[in-house]
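I opened the notebook to look up a pocket, a helix pair and a loop residue. My entries follow.

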Amino acid sequence: MDIGRLCGSGTGHRLIDEEDDWNGPKYVAEHVYNIEHLMGSQLIDDMTGWDGKKAFYLMSLSLPKEGEMEDKEQKQAKEIVEACLQKSFGCNLAHGLILRMFGETLGSLWRKHVGSDDVPGTYAHWLRHGTIYWNQNAIPPPLDFKVVEPFKRGPLLREQ
């Protein structure tokens with residue numbers, strides 16, 4: 001299988017080329033392990049309403065000291081860290097075009113405040129530690145792909 005046809009061309013997953021025995025929609029439905037993107041990589045954003053300043057604030061909070069009760073914000077920060085470590089395969093810390101749409105992101109604020117993601121005793125430090133030293137017990141379940149209509153029938157680079 002030519003992986004370029006699947007990924008590099010941008011259309012291989014929607015191409016049927018009978019001359020080359022390639023059925024992109026069928027291949028994707030049967031062979032691609034797709035994980036739900038929002039939960040998999042944007043969970044912090046989702047759980048904070050895409051508010052980078054709020055995410056930065058929550059991750060900057062100190063964990064409660066021994067014998068202290070966690071407050072409402074610490075509880076939310078804990079829920080975020082635990083959810084990310086249990087359900088996500090990554091953490092997309094956007095720095096690009098998304099800044100135009102949503103303003104500052106957690107990633108842009110961590111970049112702006114160098115070292116703020118690695119302050120011992122904070123939720124950010126706990127998340128960092130977990131992403132380095134902890135591993136999930138199971139991989140996330142795949143999304144169920146259906147065979148879709150092809151974008152094109154015939155060779156990719158030849159007009160029909």
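Entry 1, pocket lining. I sorted the lining of the largest pocket by class and got 12 nonpolar, 11 polar and one charged residues. The model is a predicted one. I counted 24 lining residues in total for the largest pocket. Cys84, Ser88, Phe89, Gly90 and Thr131 lie nearest the pocket centre. I then checked which elements give two or more residues to this lining: helix H4 (43-47), helix H6 (72-87), helix H8 (106-112) and helix H9 (123-133). For the volume of the largest pocket I noted about 290 Å³.

At what angle do H6 and H9 pack? I read about 10°, with the axes 10 Å apart. Angles under 35 degrees count as roughly parallel, so H6 is roughly parallel to H9. Next I listed the contact residues. From H6 come Gln74, Ala77, Lys78, Val81, Glu82, Cys84 and Leu85. From H9 come Tyr123, Trp126, Leu127, Gly130 and Thr131. By class, this contact of H6 with H9 has seven nonpolar, three polar and two charged residues.

I looked up Gln42 in the loop between helix H3 (37-41) and H4. Is Gln42 buried or exposed? Its relative accessible area is 7%. Buried means under 20%, so Gln42 is buried. I set aside neighbours within four places in sequence and looked for the remaining contacts of Gln42. I found His37, Trp50 and Asn92.

Definitions and conventions: Residues are numbered from 1 along each chain as its sequence is written. This is a predicted model: local features need pLDDT of at least 70, side-chain atom pairs count only at pLDDT 80 or more; totals for chains, interfaces and linings use all residues. Side-chain values use heavy atoms; hydrogens and water are left out. On a 1 Å grid over the protein atoms alone, a cavity is a set of points where a 1.4 Å probe fits but cannot get out, and a pocket is an open set with protein on both sides within 12 Å along at least five of seven lines; lining residues have an atom within 4 Å of a point. Grid points are joined across faces, edges and corners, and a volume is the space filled by probe spheres set on the points. Helices (H or I, at least four residues) and strands (E, at least two) are DSSP runs, numbered from the N terminus. Ala, Val, Leu, Ile, Met, Phe, Trp, Tyr, Cys and Pro count as nonpolar, Asp, Glu, Lys and Arg as charged, and the others, Gly among them, as polar. Axes are lines fitted to C-alpha atoms, for helices over the stretch in contact, and angles run from 0 to 180 degrees between N-to-C directions. Angles under 35 degrees count as roughly parallel, over 145 as roughly antiparallel, 65 to 115 as roughly perpendicular and the rest as oblique. Contact means heavy atoms within 4.5 Å. Buried means under 20% relative accessible area, exposed over 50%, partly exposed in between (1.4 Å probe, protein chains only).
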